[in-house]
Structure formats: C-alpha cells, structure tokens
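Hello,

Here is the structure we talked about handing over. Please load it first, then read the notes below.

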Amino acid sequence: MIRRTLKSRIALLFFVILLILLVSNLYSLATALWLRRQFEGMYSQEMRLGRMDSRLERVRSDLKVFVLTGGAEERDILQAALEGLEDTVPVKRPVSRNQRFLMERTIYYLIDRYILQVEGVVEARSRRDYVGYSETYRVTEKTFGMIEDYREKILLDNLEIRSDQYLEAARIYRDLQLNNLIVLGLAVLLLILLILRFIHHLAEPVELMSRRVREIGRGNFDVPDIPESNQLEISVMARGFNEMKRSLKNSITEIREKAEVERSLADQKIRNMEMEHLLKNAEMASLRSHMNPHFLFNSLNTGVQLATMEDADRTAEYMDKLARLFRHNVKSLDQSHHLRDEAEGLDLYSELLRERFGDKYTITVQLPPALGACPFPPMILQPLVENSVLHGFADREDRDCRVAVRGEISGLDWLLRVEDNGWGIGREAREKALAPLNPAGDFPRRSRGIGLRNVVLRMRLFYDREDAVSIGTSLEGGAAVILRIPQGGIPQGEQNGQRD
Amino acid sequence: MVRHRIINALILLFSLGVAVFFFRALFIMLALGKTEPMTVSPESPGGVHVMLLLPPGEDPFFRDLLKGARKAASDYQLGLEIQRPHSMEDYLAVARISQVDGLALYVTDEQALVPGIDRLSVENIPVITLESDAPASRRLCYVGSNGFRIGQRAGELIMERQSGEIRAALIRSSRLFEKASRGEIIYYGIQAAISGGDNRIVDNVLSETGILSAEETARRVMLRNPGLNVIFCTSMIDTIAAVQALRKYRPRRDIRILGYGSHRIIREGMEEGQVAGTIRRDGFTTGYEGIQILFDALEDRYVPSARYIDFRIDLPGRGRP
C-alpha cells in the first residue's frame with residue numbers, strides 16, 4: 001500500500017482540482033476557437049473574392065477613363081490599380097477537389113489573362129491604334145464578364161452552401177454549448193465528490209478514533225483496532241492508538257490481576273487470622289484446661305494409684321485410659337496432627353465409652369491406610385462421635401447404638417463419613433451448624449466446649465472450602481456428618497500457596 | 001464503508017461522463033471536419049484540374065452522369081470543375097486560359113465547338129466527348145451510347161410491335177440535337193432498321209425547350225401526319241410531352257411512342273399501351289468512364305477513340321427486350 005503524507009495528499013487534491021478546471025477551460029476554449037475558426041473560414045472565400053472584385057472593378061473603371069482620356073496620369077492610376085489587382089491573385093494555385101475552389105483557381109487565371117488584355121489595351125491606346133484597342137477592349141470586357149460570371153456562380157453556390165452550413169454550424173454550436181455545459185457540470189460534480197471523498201477519507205479515521213477513545217474511556221478495552229490508512233499521518237496515529245490501547249489494556253489487566261492476587265492474599269490472611277483466632281481460642285481453652293489437666297492428670301494418677309492400692313483394677317484401668325485420652329487431646333493441640341492420630345484418640349474415647357456403658361455403643365473406624373497420613377485438624381472425630389453419643393442416642397434404652405467412621409474416595413476428594421443410627425440432626429440444628437462464619441457470634445468469650453459448630457468452622461478454615469462439612473441423614477435414619485478432605489489432605493489454601 | 005463505495009462509484013461515473021462528453025465534442029468537431037469544408041482547404045493530393053461541360057437542365061441522364069463523374073474524380077483524386085453553360089464555346093476558352101489538365105464535354109453544337117476542342121488538343125489538353133460526339137474534331141475519345149445502334153434497336157422494336165406499314169416521326173430535342181450530329185445518327189439507325197416495304201420516317205422535327213412547347217410539337221406532328229403510327233422521341237421531356245399530347249388529341253391507341261426516361265407519366269403510358277418502350281442509357285457509367293479515360297490519357301495510357309456504353313430498352317411488362 002502506498003502511503004502518502006497529508007501534505008502530499010492535499011497538494012494532490014489541489015493539483016487534481018486545478019487540472020480538472022484547466023482541462024475544462026481548455027476544452028471550452030478549444031471548442032470556442034474551433035467554432036470561431038469555422039465561422040471565419042465559412043466566409044473567407046467570399047472575403048477574398050470581395051477584395052478581388054473591388055480591385056477588378058477599380059481596374060475596369062480606371063481602364064475606361066484611360067481609354068477615354070489616354071492621359072499619362074490616368075495610365076499611372078490604371079497601372080497602380082493593376083498592381084493592386086495582381087496583389088490579390090496568388091502565385092501558388094493548388095488544385096482543390098472542391099468545385100468552388102477550382103472555380104476560384106480559374107478566376108485567378110482569368111484575371112491573369114484580363115491583366116494582359118488590359119495591358120494590351122493600354123499599349124494599343126498609347127500607340128493610338130484605335131481599331132486595335134477597341135477590339136482588345138471588347139475582349140477585356142468579355143473576360144471581365146467571364147470573371148464576374150464565375151464569381152457570381154461561386155457566390156451563388158456559397159450562398160446555398162453557407163445557408164446550410166450556417167444552420168449546421170448553429171446546430172453544432174448549440175450542441176457543443178450543451179455539451180460544454182454538461183462537461184462543466186460533470187466536472188464540478190466530480191470536484192465536489194473528490195473533495196467530499198478527501199474530507200471523508202481524512203475525517204473517517206479521526207471520527208473512528210474518537211469513538212474508540214470514548215469506548216475505552218468507558219472501560220471497554222476490547223474495541224477493535226483502528227484500520228491503518230494509506231495516509232501516513234493517520235496511519236501513524238492509528239498505529240499509535242492501537243498500541244496505546246493494547247498497552248493500556250495490558251496495564252489494566254496487570255493491575256487487576258495484582259489486585260486479585262492481593263485480595264486473595266488478604267483473604268488468605270484473614271482466614272489465617274481467623275484460624276489463628278480459633279486456635280488461640282482453642283489454645284486459651286486448652287491453657288485454661290491445662291491447669292485442670294495437670295490437676296486432673298495428678299488427680300487421675302493419684303486415683304489410679306489409690307485404685308491399684310485398693311485392688312480396684314477396673315477403676316484403675318478406666319482412670320488410666322481417661323488420663324491417656326486427656327493427654328492425647330492436649331498433645332494433639334501442640335504438634336502436627338494426622339488422621340491416624342485422630343483415629344487413635346477416637347479409639348481411646350471408644351474404650352472409655354465401653355468401660356462406662358459396656359457394649360451399648362459400637363464405634364467402628366474404617367480408614368484406608370493412605371488416608372491415615374492426611375494432615376487433619378485435631379479434635380474433630382471425637383466431638384462428632386461424642387455428639388452422636390450425647391445427642392443422637394439420648395434417651396435410647398436399647399443397646400444397639402452404632403457410630404461408624406468410614407473413609408472413602410469420591411472424585412478428587414476423600415470423604416470421611418461419621419454416621420450413626422440415632423435420632424439424627426434436626427433441620428434447625430443442621431442449619432445453625434452449617435451457617436457461614438460469623439466471627440462475632442461464633443467465638444464467644446466463654447467456650448461451651450467443642451461442638452458440631454466448632455467442628456464445621458474449623459474444617460472449613462483448615463481446608464479453605466465451604467463444603468468441607470455437610471450434614472445429612474444416614475441410611476439408618478441417624479445423623480451423617482460427611483467431611484470432605486482434599487486428596488492428600490492438603491488444605492486448599494496451602495495448595496494455592498504452593499501454586500503461587 | 002458503503003458511503004465510501006458510493007462516492008467512489010459516483011466519481012468513476014462522473015469521470016466517465018466527462019470523458020464521454022469530451023470525446024463526443026471531439027467527434028462532433030472531427031466529423032464536421034470531414035464533411036463539406038467550411039474552412040479553406042484547397043490542397044488536393046492529385047493536383048489535376050479537370051473540367052466537365054454539360055448542357056443545363058434536369059435530365060436524369062445528366063444527373064447520373066454527374067454522379068459517375070464525381071465518383072471517378074473522387075476515386076482518381078482529381079479536381080473536377082463542373083460547368084453547365086448555355087454556351088460552351090466560351091468555356092472551352094476558359095478551360096484553355098485556366099490551364100485545365102483535361103476536359104470532358106457533351107457536344108451540343110458541333111460546328112461551334114470543334115475549333116475550341118481542336119485548340120485545346122493542340123495545347124495538349126485531352127478532350128473527351130460524352131454521349132454526344134464531335135467526330136470532326138480532334139477530340140481524344142468518345143464515351144457514350146452508340147446513337148446508330150439506339151436508332152437501329154428502336155427501329156427493330158417498331159418492326160416487332162407494329163403490324164402493317166410503318167409511318168414514323170422523329171422528335172429531337174432542339175437543346176441537345178439541333179446542332180449535333182447525334183440526332184441524325186439515331187435517325188439513320190431507325191431508317192436502317194425499318195427499311196423495306198413502304199415503311200418510312202414521315203417526319204423529323206426539333207422540339208422546343210420546355211414541356212408545353214414539346215407537347216405542342218408532338219401535337220403538330222400528329223396533326224400533319226394522319227397515317228402516323230410511331231413517334232420516336234430522343235429525350236425524356238419529349239417523351240412525356242408526346243404521351244400527354246397523345247392522351248389529349250389522339251385517344252385512339254393507334255400511335256405508339258418510343259422514347260427515353262422512366263418518368264411516372266412515361267410508366268403510366270407504358271401501362272396504358274401508349275408507350276411501346278423506353279431507352280435507358282447508363283449515365284453513371286458514361287460519366288465514370290469518361291473521367292476514367294481522361295485520367296488514363298493524363299497518365300499516358302492507351303485511350304480508344306470510342307468507348308460505347310450499353311443501353312437498354314424497357315418494355316411494358318418486362319425490363320429488357
């Protein structure tokens with residue numbers, strides 16, 4: 001594509017306009033000159049013949065005077081008239097194919113003859129040869145008559161032809177005038193269109209750019225590129241605009257992405273803070289209970305020793321298991337925790353239950369070996385099982401109270417089901433437990449213990465997913481709490497962190 | 001984009017319009033330049049000046065002859081000056097004075113024109129006679145129909161069509177034949193054809209110029225020759241006049257006319273049985289070949305002393321005998 005500068009384009013436009021005007025004017029001038037030449041040419045022969053005839057008449061009249069007077073002065077006058085006549089007769093007499101020009105040619109030869117005859121008369125008159133000059137004079141008159149005859153024929157022919165020619169010329173003149181008018185009209189329209197085209201060509205990309213700028217101003221960076229023009233400046237502007245648009249778009253995208261990352265980080269931070277807050281609460285609770293555990297451990301140890309000393313082995317064993325459970329729970333708050341640790345704590349808890357209630361409660365744990373290594377928040381399974389024992393089987397007189405903890409794979413997640421055959425969990429309690437986090441309400445100063453709600457919140461925070469816990473009904477109509485653990489047990493937040 | 005295309009299309013359209021009208025003007029001017037020149041353009045490529053002298057009048061034969069002559073002049077690039085004077089004598093002198101390169105003429109007055117023709121020949125200006133000859137002159141060539149053969153063919157036609165004794169009259173145009181031998185030649189031709197028995201030409205007259213005078217001549221011929229049964233006319237005017245006279249004064253169909261031309265009245269006369277036939281000479285060929293032979297003479301080619309041009313006789317109901 002040939003790109004022209006604005007300057008050269010404007011210059012070209014003016015040049016084209018000037019050229020069209022020049023050609024139009026030259027054309028009009030040429031036709032006018034041609035017509036003038038035609039009209040002049042129409043009567044050129046008549047003008048020539050008219051000049052010749054007037055001089056011929058003068059010679060004839062001067063000859064008459066000379067013949068009458070025979071004076072020297074009259075002879076000189078006649079001589080001058082003859083010279084004047086000779087001047088009207090061309091030496092070169094080309095043959096035309098036109099009858100009238102051939103007759104004009106004949107006239108010239110007749111004039112030559114006439115001049116000779118006049119000179120003959122003059123000579124005879126000078127010699128006073130009366131018979132001779134009378135006869136010669138008669139011959140000159142005959143020649144003169146012949147010349148006049150020819151001239152009249154030419155004029156008569158011309159009159160007929162000129163009438164037709166004049167009408168034809170007038171018609172052509174009108175035709176050409178109309179033609180000129182149309183040519184000029186079309187030329188003017190052409191100029192207007194060229195100017196319009198130029199303006200359009202110049203303004204269109206600017207208008208387009210203006211529209212695109214407005215669009216970008218509204219935040220729409222997806223507007224199409226401005227096509228490159230064959231005009232250099234416009235092309236440069238379009239290119240610059242397109243580059244600027246892309247650059248702006250990239251910058252804005254980067255800023256957005258950065259903001260997104262920052263927001264994500266902030267969210268993560270908030271979650272961490274929340275987690276820390278929960279942990280602190282738990283820690284506080286634990287610390288508060290540390291005082292008690294130490295006292296409890298000491299008391300329990302004392303109780304164990306006393307029971308041993310009194311040979312109350314069963315009591316000693318029970319208290320020993322209780323002490324081990326407490327120790328396990330306290331220890332799990334201080335170090336990294338896995339699902340197998342949680343299962344271990346649950347075993348201790350179920351042994352205690354068995355000691356207390358015999359075989360009323362059957363707690364089974366089925367975990368695939370791979371699941372045991374999953375990082376897992378502490379104190380999750382025990383509260384859930386405890387929840388079943390306390391609430392699910394409340395007021396149950398029968399001894400068939402079963403709680404099953406079962407791990408399985410579902411897609412990309414591990415599912416950990418805690419199901420019982422108790423009363424189930426009511427809708428209100430379920431909604432309350434699964435409600436979104438409300439820091440103001442969910443972390444009261446005074447802990448009421450670690451319940452279902454606490455489990456739900458901690459699971460969500462730990463795995464950074466809202467569907468970490470779901471509550472439903474087991475096949476036997478009891479409660480079914482389903483914990484959703486990412487495969488490998490890596491919390492979502494940490495996964496993101498790894499990705500980043 | 002659509003607006004852009006429309007503007008471009010209009011620009012193209014108007015440019016074409018300008019070009020069309022521009023060239024139209026050019027063509028008008030060029031076309032006019034090729035027609036009858038308004039301006040002076042005397043130059044001729046050949047540079048040969050030929051004069052053609054014909055008698056005045058509106059005879060179709062001369063009209064065709066002029067066409068043929070003009071065509072030949074155009075073909076051979078000659079400058080052709082045509083004059084149709086009442087007196088050709090002076091124009092022979094003019095031809096000599098104006099140093100024409102050649103002359104062709106229809107001889108109306110042999111006696112008067114022979115000296116002029118001879119003088120031109122002496123000055124090496126070739127002279128051709130057309131249709132009417134001056135055999136006694138030093139003309140170079142005669143181009144035209146054979147007058148004797150025309151008379152003979154007419155006589156034969158009379159013999160074919162007319163039963164019994166033939167009483168014929170010959171009406172010659174005074175303008176064309178009064179002082180030319182051509183009328184006499186035709187007369188001899190007729191006579192040669194009808195000789196034998198009691199057939200004879202009972203009248204041989206010159207008609208006056210003009211249709212009324214010619215009609216009067218025909219009437220007089222009919223009145224003074226009671227046994228007349230054939231009139232032979234040597235011009236179209238005389239033939240028309242004879243037909244009209246016959247209709248007015250001799251409604252009986254006992255006189256047949258043989259004449260020249262194909263005028264409406266003559267054609268009607270043929271349909272009505274008054275006209276037995278008309279002689280049609282080929283004016284165009286006569287004119288064309290006359291100028292052609294003149295050109296040959298100027299080019300120093302062989303020129304015959306006579307070039308006879310075919311004629312034909314139109315008969316009622318068919319074109320040629």
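**Helix packing in chain A**

Helix H2 (residues 44-69) of chain A packs against helix H3 (residues 72-88) of chain A at an angle of about 160°, and their axes are 9 Å apart. Bear in mind that this is a predicted model. Angles over 145 degrees count as roughly antiparallel, so H2(A) and H3(A) are roughly antiparallel to each other. The crossing of H2(A) past H3(A) is left-handed.

Which residues make the contact between H2(A) and H3(A)? From H2(A) come Arg51(A), Met52(A), Arg55(A), Leu56(A), Arg58(A), Val59(A), Asp62(A), Leu63(A), Val65(A), Phe66(A) and Thr69(A). They meet Glu74(A), Arg75(A), Ile77(A), Leu78(A), Ala81(A), Leu82(A), Gly84(A), Leu85(A), Asp87(A) and Thr88(A) in H3(A). Sorted by class, the contact of H2(A) with H3(A) has 11 nonpolar, three polar and seven charged residues.

H2(A) also packs against helix H5 (residues 130-217) of chain A. The axes of H2(A) and H5(A) come within 11 Å and cross at roughly 160°. That makes H2(A) roughly antiparallel to H5(A). H2(A) passes H5(A) in a left-handed crossing.

On the H2(A) side, the residues that meet H5(A) include Gln45(A), Leu49(A), Met52(A), Leu56(A), Arg60(A), Leu63(A) and Val67(A). Among their counterparts in H5(A) are Tyr133(A), Tyr137(A), Phe144(A), Ile147(A), Arg151(A), Ile154(A) and Leu155(A). By class, the contact of H2(A) with H5(A) has 11 nonpolar, three polar and nine charged residues. Met52(A), Leu56(A) and Leu63(A) are listed in the contact with H3(A) and also in the contact with H5(A).

**Chain A as a whole**

Chain A has 14 helices and five strands. Of its 500 residues, 41% are buried. Take the contacts in chain A between residues at least 6 apart in sequence: 71% of them join residues at least 24 apart.

**Aromatic pairs**

How many aromatic pairs does the structure hold? Over all chains there are 14. One of them joins Phe357(A) and Tyr361(A), with 5.2 Å centre to centre and 80° between the planes. Planes over 60 degrees apart count as edge-to-face, and this pair of Phe357(A) and Tyr361(A) is edge-to-face. Phe357(A) has 28% relative accessibility and counts as partly exposed. Tyr361(A) is buried, at a relative accessible area of 10%.

In chain B, Tyr76(B), Phe284(B), Tyr288(B) and Phe295(B) form one aromatic cluster.

**Positive phi in chain B**

Most residues other than glycine have a negative phi. Two residues of chain B are worth a look here. Gln77(B) is not a glycine, yet its phi is positive, near 55°. Gln77(B) sits in the loop between helix H2 (60-75) and strand E2 (79-83) of chain B. At 36% relative accessibility, Gln77(B) is partly exposed.

Glu131(B), also not a glycine, has a positive phi of about 65°. Where is Glu131(B)? Its place is the loop between strand E4 (127-130) and strand E5 (141-144) of chain B. Is Glu131(B) buried or exposed? With a relative accessible area of 1%, Glu131(B) is buried.

Best wishes

Methods:
Residues are numbered from 1 along each chain as its sequence is written. Chains are lettered from A and ligands numbered from 1 in the order in which they are written. This is a predicted model: local features need pLDDT of at least 70, side-chain atom pairs count only at pLDDT 80 or more; totals for chains, interfaces and linings use all residues. Side-chain values use heavy atoms; hydrogens and water are left out. Axes are lines fitted to C-alpha atoms, for helices over the stretch in contact, and angles run from 0 to 180 degrees between N-to-C directions. Helices (H or I, at least four residues) and strands (E, at least two) are DSSP runs, numbered from the N terminus. Angles under 35 degrees count as roughly parallel, over 145 as roughly antiparallel, 65 to 115 as roughly perpendicular and the rest as oblique. A crossing is left-handed if the near helix is turned anticlockwise from the far one by less than a right angle, and right-handed if clockwise. Contact means heavy atoms within 4.5 Å. Ala, Val, Leu, Ile, Met, Phe, Trp, Tyr, Cys and Pro count as nonpolar, Asp, Glu, Lys and Arg as charged, and the others, Gly among them, as polar. Rings of Phe, Tyr and Trp (its six-membered ring) pair if their centres lie within 6.5 Å; planes under 30 degrees apart count as stacked, over 60 as edge-to-face and the rest as tilted. Buried means under 20% relative accessible area, exposed over 50%, partly exposed in between (1.4 Å probe, protein chains only).
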